[in-house]
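Hello,

Here is the structure I promised to pass on to you. Have a look at it first, and then read my notes below.

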Amino acid sequence: MTDFVGKTVYHTFNGNSLLFGKVKGQMFRNKWLWLLVDWEGASSTVRPWQKAAHVSVCDKHDLIERIKKV
């Protein structure tokens, strides 16, 4: 099992929204890996527990370099 705790992740939703956060915990529920994410600047409607399949690990350095090129 991959350990996601401490990793920076992102989640896209509603077609054009993007959230970034840090994984604070993880657990298996019904054979699915769920991540407890502390979302940066998220509204209270965003659930802290997300299926691992719904988030992606973010390489901050790589992301910043790509944005600089745009």
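First, a cut-off to keep in mind: a residue is called buried under 20% relative accessible area, exposed over 50%, and partly exposed in between. Please also remember that this is a predicted model.

With that scale, Leu-18 counts as partly exposed, because its relative accessibility is 47%. Leu-18 belongs to strand 2, which covers residues 17–29. Together with Tyr-10 and Phe-20, Leu-18 makes a nonpolar surface patch of about 250 Å².

Five strands form an open sheet in the order 4-3-2-1-5, and the pairing is antiparallel. Strand 4 and strand 5 (56–57) are the edge strands; each has a single partner strand, so one side of each has no neighbour in the sheet. For strand 5, two bridges make the antiparallel link to strand 1 (residues 8–13). Val-9 has Val-57 in strand 5 as its bridge partner.

The other residue I looked at is Gln-50, which sits in strand 4 (residues 49–51). Is Gln-50 buried or exposed? Gln-50 is buried, because its relative accessible area is 6%, and the cut-off for buried is under 20%. The side chain of Gln-50 reaches the backbone oxygen of Arg-47 at 3.0 Å. If you set aside the neighbours within four places in sequence, Gln-50 is in contact with His-11, Leu-33, Trp-34, Leu-35, Trp-39 and Val-55.

Conventions
Residues are numbered from 1 along each chain as its sequence is written. This is a predicted model: local features need pLDDT of at least 70, side-chain atom pairs count only at pLDDT 80 or more; totals for chains, interfaces and linings use all residues. Side-chain values use heavy atoms; hydrogens and water are left out. Helices (H or I, at least four residues) and strands (E, at least two) are DSSP runs, numbered from the N terminus. Buried means under 20% relative accessible area, exposed over 50%, partly exposed in between (1.4 Å probe, protein chains only). A polar contact is a pair of N or O atoms within 3.5 Å; within protein, one must be able to donate a hydrogen and the other to accept it, and residues adjacent in sequence count only if both atoms are side-chain atoms. Contact means heavy atoms within 4.5 Å. Two strands pair if DSSP finds at least two bridges between them. Patches are made of residues with over 30% relative accessible area and no salt bridge: like charges are joined within 9 Å, nonpolar side chains (Val, Leu, Ile, Met, Phe, Trp, Tyr) within 5 Å. Accessible areas come from the Shrake-Rupley method with a 1.4 Å probe; for residues, only the protein chains shown count as cover. A salt bridge is a side-chain nitrogen of Lys or Arg within 4 Å of a carboxyl oxygen of Asp or Glu.
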